[in-house]
There are 4 protein chains.
Amino acid sequence: MEEHRAGPRRSEQARLAVLTAAADLLAQNGYENLTIEAIARQASVGKQTIYRWWPSRAAILTEALLEGMIFRQQLAVRNTGDLRRDLTEWMSRVWSVLDAPQGRMLLRSLVAAATEHPAIGELMRDRLSADGGIRARVVAHGDPAVAAVEIGDAIAGWMMMQVLMGAAPTPDGIRAIVHALVPG
Amino acid sequence: MEEHRAGPRRSEQARLAVLTAAADLLAQNGYENLTIEAIARQASVGKQTIYRWWPSRAAILTEALLEGMIFRQQLAVRNTGDLRRDLTEWMSRVWSVLDAPQGRMLLRSLVAAATEHPAIGELMRDRLSADGGIRARVVAHGDPAVAAVEIGDAIAGWMMMQVLMGAAPTPDGIRAIVHALVPG
Amino acid sequence: MEEHRAGPRRSEQARLAVLTAAADLLAQNGYENLTIEAIARQASVGKQTIYRWWPSRAAILTEALLEGMIFRQQLAVRNTGDLRRDLTEWMSRVWSVLDAPQGRMLLRSLVAAATEHPAIGELMRDRLSADGGIRARVVAHGDPAVAAVEIGDAIAGWMMMQVLMGAAPTPDGIRAIVHALVPG
Amino acid sequence: MEEHRAGPRRSEQARLAVLTAAADLLAQNGYENLTIEAIARQASVGKQTIYRWWPSRAAILTEALLEGMIFRQQLAVRNTGDLRRDLTEWMSRVWSVLDAPQGRMLLRSLVAAATEHPAIGELMRDRLSADGGIRARVVAHGDPAVAAVEIGDAIAGWMMMQVLMGAAPTPDGIRAIVHALVPG
DNA sequence: GTGTAACCGAGACGGTACGTCAGGTCTTGCT
DNA sequence: AGCAAGACCTGACGTACCGTCTCGGTTACAC
């Protein structure tokens, strides 16, 4: 049975204002400088409204990620039949996004958030492991299902590693990792 | 020519006390709760002594890593002739270290620190990419030099990814990623 | 029209706790050793609560003075008809207060505070210049109104001077200054 | 018998540099902002040299006062035969000195220093109580010796009071206090 | 309609940590 | 042994946020 209750329901407007503000501030200042007070200020929302609905900074970001307010792009992997070429091309596109003014900061921030909240790690993996039908193609390629998952993680992990080291991945690097992971 | 100056020199005792305290507190409380004040307290050192010599929390950790106060283990990759088996065995050993009471927390903390300080990312890569002569063996295996580097990063990145997602890597997972990266 | 605002009001309890703590610590340790942190600690109040409402140490003392938490005594000048005798007697009483265990320290502290905050100087003048109807009597005595003010300041200034020099005023000294200022 | 000792004697150059620096900084920044470190820096002197020879900030100022580095002016009271006129004229001159750019700050600073060190109070009294032969003239005027001292203190105290209250003394005020203290 | 209970914005509260400044002591190499 | 330089530990500074709380105002269902 549903619980019936008087009074107003949760304000969708406030919820969206918070998520938007959080996403904006994250891109501008990085995770370390993302404070609840700043989010409340930017969103013109009382602090209590935030504490009422979200248990942590990371929870806000998780929701913002799920709402598509961060990493909005749905980068699909094309299918030309050549898996290596498709993956290489897809990774290049992902990198061009991350190299945009605040892309690096954003990814670094999300990694930081993930250290506090595994769910964010999973969301990042999903965004960075080229999941659009790739798995089936990897399996079709000859690798068993379990390897398909691991290969996705390796791709995502490799990209994270580059960002954490402040490295700018070269076309050669991308080609090499794809060749190593997906034998022609 | 050396610069000669009168007056007291930097206190090696204070330096080591700070690094030790930082390493201990990191393992106990995680990076988010690692404060300069706590380090100073634990090390019986004035805050100013820390601010005089280190520009940031992350810089302290970098130095502690380099001094071998964190991840002390020198996990060598054995050479039985079978690269896949050697790597698999090495990764399992690394994992058993990370699964020790504070291993996971430590790695997560270092990832968080790396988001603020790329040098820490590089140090982690070195510790996690099985660099002891592996590169030569990978090259001997048929992959070009560039791929050897990328494969190392992929291994390290994959492990970081598992930790961030809170996943406990299975023997199957390890075997799969090694198979994917190092064709028999 | 009054300004209406939602939200919590200023806590009177915190305000009084701060003023009381400040007065106590002043009497115990002197102005030089009166720190905001000690006041906050003693009053069980956050430092920010102090900084929110008072711009300086001296402002806290001013308010404490006005609230009668320092120099609580309302030392009235009696009127026996003999102005010289009344003033002499009043100054002796003031001195006995200042000679009490912490009286000297308190006055010295207030002088120190006054060097940073003229308003405290004015409050001290009021407390030390025997203003209760004296002015009218001085005027009635033959001195013009302006001189009445100056005579009050001279009395207060003389007492401050004695305290600053660490001197213990003698009955003779008091009698002499009263005679000099108020011709019989 | 004199104690013979090896090694260099106290450096007069360092001593004067410290006193000069202290006097300059006092006039510029006020007593509250006069720090040992700033004096050492300004005087190009090691902190230890200061701590070796002076027990406190106030002791430095006392010595600087005695050396005539502060309130250098020797304001003499003239003798035209009219004591009231002479005192009034002298006080006006003192005030014009105190009203010079840093005069007020200096006096306020000295008062603050006196709260920590009675000797400074006495030095100020000497400078501000018109001691040059005035005492004899006051006595000759008919007041007993003790009153002469008190009258001097009252003059000095009155001036301090004006400075502490941030008041600008008017010619009328000066005339009034002189008339009150020195009956024609 | 009218309670009434939960929502909302604002922001004060007791705290913790920040990064800086100065205090007073100690150490080093020079003169 | 005095000196300039400056590292050391200590502790206060004034600021930024934390997470909790208290206000007045505003819905929106339940009676």
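**Note on the predicted four-chain model**

1. Between chain C and chain D the count of salt bridges is zero, where a salt bridge is a side-chain nitrogen of Lys or Arg within 4 Å of a carboxyl oxygen of Asp or Glu. Even so, 33 residues of chain C are in contact with 33 residues of chain D, contact meaning heavy atoms within 4.5 Å. About 2,800 Å² is buried between chain C and chain D, and carbon and sulfur atoms give 71% of that area; buried area is the accessible area (1.4 Å probe) that two parts lose on being put together, summed over both.

2. Before reading further, please note that this is a predicted model, in which local features need pLDDT of at least 70 and side-chain atom pairs count only at pLDDT 80 or more, while totals for chains, interfaces and linings use all residues. Residues are numbered from 1 along each chain as its sequence is written, chains are lettered from A and ligands numbered from 1 in the order in which they are written, and side-chain values use heavy atoms, with hydrogens and water left out.

3. For chain B and chain A, 33 residues of chain B are in contact with 33 residues of chain A. Chain B and chain A bury about 2,800 Å² between them, with 71% of it on carbon and sulfur atoms, and the count of salt bridges between these chains is zero. By contrast, no contact joins chain A and chain D, whose closest C-alpha atoms lie 34 Å apart, and no contact joins chain B and chain D, for which the closest C-alpha atoms are 11 Å apart.

4. Within chain A, the domain assignment, whose bounds come from an automatic or database source, gives domain 1 (12-66) and domain 2 (83-181). Their contact takes 15 residues from domain 1 of chain A and twelve residues from domain 2 of chain A, and the centres of the two domains, taken over C-alpha atoms, are separated by 27 Å. About 1,100 Å² is buried between domain 1 and domain 2 of chain A, 72% of it on carbon and sulfur atoms. On the side of domain 1 of chain A, the residues A:Ala27, A:Tyr31 and A:Leu65 supply 48% of the area buried against domain 2, more than any other three residues.

5. Across this interface of domain 1 and domain 2 of chain A, the rule finds one salt bridge. A:Glu116 forms a salt bridge with A:Arg57, in which the closest N and O atoms are 3.7 Å apart.

6. An unreviewed UniProt entry annotates residues 12-72 of chain A as "domain: HTH tetR-type", and UniProt (unreviewed entry) also lists residues 35-54 of chain A as "DNA-binding region"; such annotations may be inferred rather than shown by experiment. Residues 12-72 of chain A are 70% helix and 0% strand, with end C-alpha atoms 20 Å apart, whereas residues 35-54 of chain A are 75% helix and 0% strand, with end C-alpha atoms 13 Å apart. Helices (H or I, at least four residues) and strands (E, at least two) are DSSP runs, numbered from the N terminus.

7. Over all chains the count comes to 52 salt bridges. One of them joins B:Asp86 and B:Arg137, with the closest N and O atoms 2.6 Å apart. This pair links distant parts of the chain, 51 residues apart, with B:Asp86 in helix 5 (residues 83-99) of chain B and B:Arg137 in helix 8 (residues 134-140) of chain B.
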